[in-house]
Amino acid sequence: MNNTSKPFLESAIRTIKLEADAVNELLVYLDDNFNMACSLMMACTGRVIITGMGKSGHIGNKIAATLASTGTPAFYVHPGEASHGDMGMFTSNDVVLALSNSGETAEIITILPLIKRMGAPLISITANPLSTLSQAANANLHIGVEKEACPLGLAPTSSTTAQLVLGDALAIALLEAKGFSAEDFAFSHPGGSLGRKLLLKVKDIMHCGEDIPIVKQGTPINQTLIEVTEKRLGMTTVVNDQGELVGIFTDGDLRRTLDQELNLKTTAIESVMTQQCSTISGDLLAAEALKIMQDKKINALIICDNQKHPIGALNMHDMLKAGVI
């Protein structure tokens with residue numbers, strides 16, 4: 001190892017230990033103020049408005065995003081902009097969460113009288129319980145950070161880490177109290193992988209209409225192969241004269257057929273198809289359909305109506321393309 005890299009590692013280890021200590025110390029300061037903060041946010045009929053300057057503002061932005069995505073409507077307002085028109089975003093139905101390590105941030109202190117006059121409950125996160133902001137708050141969450149990881153004691157490091165962790169603690173406490181589910185989370189993340197897994201249904205991604213590969217009983221194997229090739233799903237459904245599903249013919253069935261050295265032009269498809277094939281409803285979640293494929297070790301599924309008529313088909317590639325996998 002290059003000798004010049006050793007100080008870098010030593011610095012990193014020291015920083016991580018100091019910030020870990022700051023997080024662990026939060027456990028000492030958790031008290032009824034946390035319960036009060038959660039109760040105020042639970043009872044909020046408006047929005048939770050987070051505000052903070054500088055690095056605390058960046059943490060506030062993240063806390064607002066976490067709250068909003070876990071069932072507590074929230075947004076961030078810059079305290080400097082608040083005193084230049086953005087106070088119009090505040091209402092008496094809101095709850096204000098203000099972040100300031102010193103508790104004396106000028107931009108926040110400036111808008112304190114307006115928040116109090118409006119009657120919006122105030123929650124603060126500070127390192128000084130005797131500060132102006134702490135004393136004005138309905139609930140003050142004390143981070144108690146005495147030493148920043150920055151050796152100069154200037155750059156917010158340990159203090160902002162503690163703020164972030166407290167914000168996460170608030171969000172998760174509210175999530176659990178509200179019974180917020182994974183499906184609720186998916187509605188907040190429709191573009192994410194979880195959203196696709198929990199919201200996407202089979203009918204949203206299945207092939208339907210003329211795209212469904214279908215042959216009738218009695219169709220020779222060679223003509224069946226043309227349908228499989230044209231529809232490009234690696235299989236075809238087999239139906240009777242009433243259009244009811246009676247089986248499926250897949251690539252795997254084809255390999256087994258070739259081993260039997262049958263006459264592909266004269267052998268009817270029902271003699272080599274798989275009769276007991278898996279079918280599902282179009283209203284089934286795509287993630288559930290994927291599990292069926294994985295459990296049964298199959299690559300395709302048929303979607304049928306109540307009369308056993310095929311109304312859709314999908315394969316593993318469709319799952320991959322839709323982002324379910």
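A pocket is here an open set of grid points, on a 1 Å grid over the protein atoms alone, with protein on both sides within 12 Å along at least five of seven lines. In this predicted model, the largest pocket holds about 410 Å³ of space. Its lining consists of 23 residues, among which I248, T250, I298, N299 and A300 are the closest to the centre of the pocket. Two or more lining residues come from each of the elements β8 (245-250), α12 (251-259), β10 (300-304) and α14 (316-322). Of the elements that line the largest pocket, α12 gives the most, contributing five residues. When the lining of this pocket is divided by class, nine residues are nonpolar and nine are polar, while five are charged.

The confidence of the prediction was considered next. Over the chain, pLDDT averages 90, and 93% of the residues reach a score of at least 70. Among the elements of the chain, the highest mean pLDDT, 98, belongs to strand β3, which covers residues 95-99, whereas the lowest, 64, belongs to helix α8, which covers residues 182-188. Where pLDDT is low, the predicted coordinates should not be read in detail.

The packing of helices was then examined around helix α7. Two packed helices are described by the angle between their axes together with the distance between those axes. Helix α3 (residues 54-69) packs with helix α7 (residues 158-178) at an angle of about 15°, and the two axes lie 9 Å apart. Because angles under 35 degrees count as roughly parallel, α3 and α7 are therefore described as roughly parallel to each other. The crossing in which α3 passes α7 is right-handed.

Helix α1 (residues 6-29) also packs with α7, at an angle of about 40° and with the axes 9 Å apart. This angle makes α1 oblique to α7, and α1 passes α7 in a right-handed crossing. For helix α2 (residues 32-42), the axis comes within 10 Å of that of α7, and the two axes cross at roughly 55°. That angle makes α2 oblique to α7, and the crossing in which α2 passes α7 is right-handed.

Definitions and conventions
Residues numbered from 1 in each chain as written. Predicted model: local features only at pLDDT ≥ 70, side-chain atom pairs only at ≥ 80, totals over all residues. Heavy atoms only, no water. 1 Å grid on protein atoms, 1.4 Å probe; cavity = no way out; pocket = protein on both sides within 12 Å on 5 of 7 lines; lining within 4 Å. Points joined across faces, edges and corners; volume = space filled by probe spheres on them. Helix = DSSP H or I, 4+ residues; strand = E, 2+ residues; numbered from the N terminus. Nonpolar A, V, L, I, M, F, W, Y, C, P; charged D, E, K, R; others polar. pLDDT = per-residue confidence, 0-100. Axes fitted to C-alpha atoms, helices over the stretch in contact; angles between N-to-C directions. Parallel < 35°, antiparallel > 145°, perpendicular 65-115°, else oblique. Left-handed = near helix turned anticlockwise from the far one by under 90°.
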